[in-house]
Amino acid sequence: MGSDLYMKLRSYLKEHLQKLLQNRDPNEPLLEFYTREWGKYTRASKYIDHIFRYLNRHWVKREIDEGHKNIYDINTLALVSWRDYLFMTVHHDVMVSVLGLIERQRNGETIEQSLIKSVVDSFVSLGLDENDSTRATLDVYNQYFEKPFLDHTEVYYTNESKTFLAENSVTDYLKKAEARLDEEDTRVQMYLHESSRHPLVSKCETVLIRAHTTVIQDEFQALLNNDQVEDLKRMYGLLVRVPESLEKLRTVFEAHVRRQGDAGVDRVYEAAKNAEANDATGEKGEGDEEEEEKPKPKKKGAKAAPGADVAVDPKIYVEALLEVHTKYNGLVHNAFRGESGFVSSLDKACKEFVNRNKVCVSGSSKSPELLAKFCDSLLRKSSKVSDDGEVEDVLNSIMTVFKYVEDKDVFQKFYSKMLAKRLVNQTSASDDAEASMISKLKEACGFEYTSKLQRMFTDMSLSKDLNDNFREQMVKVHDKEDLLDFSIYVLNTASWPLQASASGFNIPEDLVKTYERFQGFYQNKHSGRKLNWHFLLSKGELKANYCKGSKAGYTYQLSTFQMGVLLQYNSALQFTWEDLLSSTGLNADTLSSAMSTLVKAKVLLISADAKLGSPGSSYELNLDFKSKKVRINFNIPGKSEAKAETEDTRKTIEEDRKLLIQAAIVRIMKTRKVLKAQILMTEVLNQLSTRFKPKVSDIKKCIDILLEKDYIERKEDDKDTFSYLA
């Protein structure tokens, strides 16, 4: 009974579907016929399924449980019948109509999307698992809809992209491709099955992007040159879909940033060079503190290395580096979404132009030197940047450049010397800013890098307490009139990069008493310690009451060496060069340096036709000295002194590096005991890379030194292998 009923229903459905096709109006559009009849048929099949519910629950269930594969529940039977007797006949023509509609929509026409949606739903519904009639599959949809749809899409966009590129610019094509990809993504949402999203997008990426990768990549340089950020963003958004295509862009980007960095430094160098040339030909102003040294004539045939002798303004130089980094760092994050490959390319390019440019032609140590000098100018009281927040921003910018500096030991050496001067001369603008900078350096390079810098501040604090104790004691045992306004810094030799003067010095009688009092006070407090006096860094003030042009007199701000010279004039108005050499105890170069400012300012009058420091020249105190200022600063280091100090610092760096290399070699050999020369070189380079990049020749020299000192030895049977000697 159940079998007969089931078979008659199946026959009825077959006849019904065949009649539908036979009676179809040939003038009616196929899609309208198909979607209308599909809707009616699926509604009717649900009613039939409800009517035959008893048959489904008993006979159909038993047949399916017994493994009869051609038996389905009534609703599924209706779908199978539609697939076998109507769909298989018309599916090709239906797809031709559907693809025609989609092409019209792609061409900008408005279509009836519900027709395509209904067709897609029918294709999806007809997917049935032959082994399990209760499970649906996408086999019908994939085979009869998705495959022809993707093939048609490929042909359409292949033709369109070739034609468009031939008639339009690459930037216009990027906009077109971006719009098309968005359209196809929206198409999935409107009427395609979700499973088609990935294959459709993948097909479009292949046709619209991968097939034209070379053309798109070739446009990248032009977009960079013209700063077309939106187009670069669009290009990246497209090419990121083809990951292997980005490597060429990263390479081009790195080279471009390197060129821009070099160009920025070149402009700074040329401006500094032109400024020096103008200064050399122009007249000196009245307020100049020291005469320019006349350049020595160059030997014939000798050529100065570019960048070697040009004094570049540290602020302008660092700002030029930052300008390039800031610009392209913004581009990386805005246009390239902060992609790690472009970040790496930016870092490599910045590292190159920061350490190897026209200013750094003599070596990569020039950048850290100028960076340290910029820090010094920022952290001084004379800095034009006074707002704490603004100072913090500039310090962060400085650390950005510092990150790319290879010779971090050079920065450390110059920074520590300049910090020492700021602290000793009390020219530091803010303790908070100083602490912030040291904290940033510690975070970047570790505790060891900043340990001495932090100890400097500890010494300053201890010196303050020491001064207070000394003053209290002096007030108790001496009359107020017998005391000078005196303060001193007692600093730990190991922490402070200060060099004592090579010259001797006779302490003036006016200062001896205070000198001896403090010496005795300190020895009583710390009997085992020895004080080394740095008169070169000392300074003081003298009250000048001799000037006829001023009733109130002047206050001279002087170095201790200058004080030593002027205090001689309390006993006479005129001295010869030899007299001053003898009375001050200074050597000729130091005395000449101390007196040059005094002579130029006409505090001392040099004998007629004599040059400073010439034998027999005499120096008279100018009683007619006049100045608009009441307090006059003569303690101004000359350019030659600053240059000499810089050279001394560089020499110190080279000596320190030799010791660091030797220490690294000993550490490695002590751990490894026996090591090949090449491996030893590699490990030394790796260990020291965070501080500086040692030359291979320097490492070899240090190995030879350690061989002589018997720290290591060559193996007799293998001269290329070293052994550690305990």
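The paragraphs below lead through a predicted model of a protein chain, from its confidence to a helix, its salt bridges and a sheet.

The mean pLDDT of the chain is 88, and 94% of its residues reach 70 or more. One stretch stands apart from this: over residues 283-307 the pLDDT is below 50. Beyond near neighbours in sequence, that stretch has 24 contacts in the model.

The buried residues of H7 include Val 170, Tyr 173, Leu 174, Ala 177, Leu 181 and Val 188.

Charged side chains lead to the next topic. Side chains of opposite charge can pair when their charged atoms come close. With a nitrogen-to-oxygen limit of 4 Å, the count in this model comes to 46 salt bridges. One of them joins the side chains of Glu 28 and Arg 36, at 2.1 Å from N to O. Here Glu 28 counts as buried, at 16% relative accessibility, whereas Arg 36 is partly exposed, with a relative accessible area of 36%.

A second salt bridge is formed by Arg 250 and Glu 339, with an N to O distance of 2.8 Å. Arg 250 lies in helix H12 (residues 246-281) and Glu 339 in the loop between helix H13 (314-334) and helix H14 (340-355), so the pair ties together parts that are 89 residues apart in sequence. Both partners are buried: Arg 250 has 14% relative accessibility, and Glu 339 has a relative accessible area of 17%.

The side chains of Glu 406 and Arg 356 also meet in a salt bridge, at 2.8 Å from N to O. This pair links distant parts of the chain, 50 residues apart: Glu 406 is in the loop between helix H16 (388-404) and helix H17 (408-424), and Arg 356 is in the loop between H14 and helix H15 (366-379). Glu 406 is buried, with a relative accessible area of 10%, while Arg 356 counts as partly exposed at 32%.

The last region is a sheet. Strands of a sheet pair through backbone hydrogen bonds, either parallel or antiparallel. In this open sheet, three strands follow the order S7-S9-S8, with antiparallel pairing. Strand S7 (674-676) and strand S8 (712-715) stand at the edges and have a single partner strand each, so one side of each is left without a neighbour in the sheet. On average, neighbouring strands are turned by 35° against each other, direction ignored. Three bridges join S7 to strand S9 (residues 718-724), and Lys 676 has Thr 721 in S9 as its bridge partner.

Two helices accompany these strands. Helix H25 (residues 677-688) packs on the sheet and touches S7 and S9, its direction making about 90° with that of S7. Helix H26 (residues 696-708) lies across S8 and S9 and runs at about 100° to S8.

Definitions and conventions:
Residues are numbered from 1 along each chain as its sequence is written. This is a predicted model: local features need pLDDT of at least 70, side-chain atom pairs count only at pLDDT 80 or more; totals for chains, interfaces and linings use all residues. Side-chain values use heavy atoms; hydrogens and water are left out. pLDDT is the predictor's confidence in each residue, from 0 to 100. Contact means heavy atoms within 4.5 Å. Buried means under 20% relative accessible area, exposed over 50%, partly exposed in between (1.4 Å probe, protein chains only). Helices (H or I, at least four residues) and strands (E, at least two) are DSSP runs, numbered from the N terminus. Two strands pair if DSSP finds at least two bridges between them. Axes are lines fitted to C-alpha atoms, for helices over the stretch in contact, and angles run from 0 to 180 degrees between N-to-C directions.
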